[in-house]
Amino acid sequence: MAPPPSSTSSAVTLKINGDKHTLSVDHRTTLLDALRERLDLTGTKKGCDQGQCGACTVLLDGRRAVACLQLAVAAEDREITTVEGLAEAGQLHPVQQAFLDLDGYQCGYCTPGQICSAVAVIEEHAAGWPSAVTDDVRPEVGAPPLTADEIRERMSGNLCRCGAYVSIVQAVARAAEARMSQEAAV
Ligand code: FES
Ligand code: FES
């Protein structure tokens with residue numbers, strides 16, 4: 001049973017993958033620890049625990065965030081999506097499928113963070129957001145082609161100790177192409 005609230009803890013309701021979870025957390029508890037230690041959502045990985053590796057990347061209101069630098073109490077009222085919430089109706093998310101098809105991993109430890117980041121990267125690109133390697137950032141020019149350099153830059157917050165970067169870039173490119181074709185067909 002959850003401990004009663006105190007001056008150092010509060011009840012918080014987190015909306016994760018569409019489900020609400022109410023729990024009492026110490027104010028210093030990170031979202032990452034709440035997910036993994038309190039809610040058994042262990043798909044989100046802890047690598048550095050200090051915002052440097054991207055292993056703990058989740059989506060907050062559709063935008064990527066490292067869960068180790070986010071306090072659980074500050075995530076109340078946000079739509080939190082973890083890797084466990086990406087598949088729908090038994091179908092892997094296209095990014096998950098692309099990682100699977102193209103071997104976008106070796107040990108797989110960084111993979112949930114890579115996949116969550118890639119989901120957001122593809123949406124950011126589709127919305128026309130430039131990156132640090134975009135040549136022409138004028139809004140009227142729109143999104144640049146999602147080249148390997150663009151993907152590498154946009155995914156640069158996610159480290160892979162196994163060095164599976166070549167396949168990761170290919171997987172992100174494939175999922176982005178699938179998204180564009182789907183959009184063109186609508
Ligand atoms: S565990 Fe969060 S960025 Fe490394
Ligand atoms: S697949 Fe092993 S750390 Fe990336």
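**Salt bridges, sheet and domain contact in a predicted model**

A salt bridge joins the side chains of Lys46 and Asp33, with 2.8 Å from N to O; the term stands for a side-chain nitrogen of Lys or Arg within 4 Å of a carboxyl oxygen of Asp or Glu. Lys46 sits in the loop between helix H1 (31–38) and strand E3 (57–60), and Asp33 in helix H1, so the pair ties together parts that are 13 residues apart in sequence. Helices (H or I, at least four residues) and strands (E, at least two) are DSSP runs numbered from the N terminus. The model is a predicted one, in which local features need pLDDT of at least 70 and side-chain atom pairs count only at pLDDT 80 or more, while totals for chains, interfaces and linings use all residues. Residues are numbered from 1 along each chain as its sequence is written, chains are lettered from A and ligands numbered from 1 in the order in which they are written, and side-chain values use heavy atoms, with hydrogens and water left out.

Through shared partners, salt bridges join Asp33, Lys46 and Asp49 into one network. The count for the model comes to 10 salt bridges. Another of them connects Glu79 with Lys15, whose closest N and O atoms are 2.9 Å apart. This pair links distant parts of the chain, with Glu79 in strand E5 (residues 79–81) and Lys15 in strand E1 (residues 9–16), 64 residues apart. Glu79 counts as partly exposed at 38% relative accessibility, as does Lys15 at 28%.

The strands come next. An open sheet is formed by five strands in the order E2-E1-E5-E3-E4, with mixed pairing; two strands pair if DSSP finds at least two bridges between them. E2 and E4 stand at the edges with a single partner strand each, so one side of each is left without a neighbour in the sheet. From one strand to the next, the twist averages 40°. Axes are lines fitted to C-alpha atoms, for helices over the stretch in contact, and angles run from 0 to 180 degrees between N-to-C directions. E1 and strand E2 (residues 19–26) pair in the antiparallel sense over eight bridges.

The chain is divided into domain 1 (9–85) and domain 2 (94–185), with bounds that come from an automatic or database domain assignment. Their C-alpha centres lie 23 Å apart. The contact (heavy atoms within 4.5 Å) takes 16 residues from domain 1 and 15 residues from domain 2. About 1200 Å² is buried between the domains, 56% of it from carbon and sulfur atoms; buried area is the accessible area (1.4 Å probe) that two parts lose on being put together, summed over both. Across this interface the rule finds one salt bridge.

Glu124 and Arg64 also meet in a salt bridge, at 3.1 Å from N to O. Glu124 lies in helix H3 (residues 111–126) and Arg64 in strand E4 (residues 63–66), 60 residues apart. Glu124 is buried at 12% relative accessibility, whereas Arg64 is partly exposed at 28%.

How values were computed:
Buried means under 20% relative accessible area, exposed over 50%, partly exposed in between (1.4 Å probe, protein chains only).
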